[in-house]
Amino acid sequence: MVHMTSKADSVTLYRMRKILVELSTKKGSGTELVSLYIPPKKPLYDVSSYLKDEFGKASYIKSDSTRKHVQDALVKIMQRLKLYKETPETGLAIFCGALPPNPGAPPGSESMELYEVIPHKPIPSYLYRCDDHFHLEILREMIKEEKIIGIISIDNNEAGLGIVSGSRIDVIDVVTSGVSGKHRAGGQSARRFERLRETEINNYFKRVARHSKKVFFGQYEIQGLIVGGSGPTKDYFLKGEYLDYRLQDNVLTVVDTSYAGREGIRETVEKSEDILQDLRIIEEKELVKNFLSDISSDKGLVVYGIDEVINSLDMGNVNTVLVSEDINRIYFQVTCKRCGVVKESIVTQDSLIPEKQKLISEACSECNSNETELIEKDLIEFLVDKAMEIGAKVEVISSKSEDGVMFKSFGGIGAFLRY
Ligand SMILES: [Zn+2]
């Protein structure tokens, strides 16, 4: 049986992916971007004294601007570490450096930025690097799906090899059989036809086994295998023990499907829900299915749309928020520093810059002051904060799965209500 490791919640994974995308494009003007990975149980005072040493060493850096940037980054990180009483249970990753507001911006326009990540599973080892880019390999390795299940969907004509992991199903390879039809050509003796057919099937099974080994060992490292298909071919294939014993021993279940090959893979996954139930794709399927059926049943226990969901959160009436990972919206809050009036708005990623300019330049509608404070938050983070206040949950729905796409057609945001 496959051992299930502890699963990351969808919000943590969303954050990690987002930071990875954002940081992978950042370049320092010199060797001045600091990446720091602190594994669990490493005392923070150890880290701080290490950083103090680095601060001292940095004084030998020749370039004025690089030296200043490195030392500023180290100070900023040490200040941040002081906010923690102890190292978080899974450790802590910090990325800090002087970054230009946009690529190609002139030197001197950089501002010191700090990103921190508390990952969903333990950081494996300590790392400190100062480079012209951030070191993201460890983080990238950590968000790789741990659980990958292989699928073989086989009948007389073809075999589809696929993998399912996280919220994706991928078809990796299709092997066609070339096996003659059930009916022999005129003049051929029945025995000769049967022999020929057997040889062809035998060769076909061997080919499927060879491809399986390549896909499920070489390309991917699967933790279990599900075999599906229409008719008895899959059973012959398994009984004949064509597969590498490591795959043969790791068959989790065999399911009957109406299709095989490429089309059969998805069906095989659907019919193996019990076995795959803690894969994210099955969880999402459940969430979206319940959401859609609640909408059609008209009980009034779901809402969708940004305003409706936020209203329900404000009333404390939300159990779970569902939101598409690529809803790509930003929440702005502008507070007048003089009279305290608060204005909120939510904009799309595309109109971010002009909207922000507008909000900054607008005078307060109450007192006409130009002194305002702007808070900018990713919409999903905003929802998470709001949900936390009332003890509700947020589920980030992938937009790659079939169910995720369906959910997106409702605007990519919805909520299950409490009453
Ligand atoms: Zn005002």
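**Pocket, metal site and selected residues of the predicted model**

The largest pocket is lined by 33 residues, of which K18, E22, K26, Y115 and Q349 lie nearest its centre. The structure is a predicted model, in which local features need pLDDT of at least 70 and side-chain atom pairs count only at pLDDT 80 or more, whereas totals for chains, interfaces and linings use all residues. Residues are numbered from 1 along each chain as its sequence is written, and side-chain values use heavy atoms, with hydrogens and water left out.

A pocket is defined on a 1 Å grid over the protein atoms alone as an open set of points where a 1.4 Å probe fits, with protein on both sides within 12 Å along at least five of seven lines, and lining residues have an atom within 4 Å of a point. The volume of the largest pocket is about 1,500 Å³, a volume being the space filled by probe spheres set on the points, which are joined across faces, edges and corners. At least two lining residues are supplied by each of α1 (10–24), β3 (111–117), α12 (352–361) and β14 (372–378), and the largest share, seven residues, comes from α1. Helices (H or I, at least four residues) and strands (E, at least two) are DSSP runs, numbered from the N terminus.

The zinc ion has as its protein donors C336 (SG), C339 (SG), C364 (SG) and C367 (SG), which lie 2.2 to 2.4 Å from it; donors are N, O and S atoms within 2.8 Å of the metal (3.2 Å for Na, K and Ca), and sites may look incomplete because water is not among the atoms. The arrangement is tetrahedral because the four donor atoms subtend angles of 104 to 114°, four donors being counted as tetrahedral if all angles lie between 85 and 135 degrees. In sequence, the donor residues follow the spacing C-x2-C-x24-C-x2-C. With a relative accessibility of 7%, C364 counts as buried, whereas C367, at 22%, counts as partly exposed; buried means under 20% relative accessible area, exposed over 50%, and partly exposed in between (1.4 Å probe, protein chains only).

F216 is placed in helix α5 (residues 190–219) and is buried, since its relative accessible area is 0%. Leaving aside neighbours within four places in sequence, F216 is in contact (heavy atoms within 4.5 Å) with residues including G150, I151, L161, I163 and L247. Y220 lies in the loop between α5 and β8 (224–229) and is partly exposed, with a relative accessible area of 24%. When residues up to four places away in sequence are not counted, Y220 touches I148, I163, I172 and V215.

N317, in the loop between α11 (306–314) and β11 (318–324), is buried, with a relative accessible area of 5%. A polar atom of the N317 side chain lies 3.0 Å from the backbone nitrogen of R418, and among the residues touched by N317, not counting those up to four places away in sequence, are I390, F416 and Y419.

Most residues other than glycine have a negative phi.

Key: Four donors count as tetrahedral if all angles lie between 85 and 135 degrees; four count as square planar and six as octahedral if opposite donors are over 155 degrees apart and all others between 65 and 115; anything else is irregular. A polar contact is a pair of N or O atoms within 3.5 Å; within protein, one must be able to donate a hydrogen and the other to accept it, and residues adjacent in sequence count only if both atoms are side-chain atoms.
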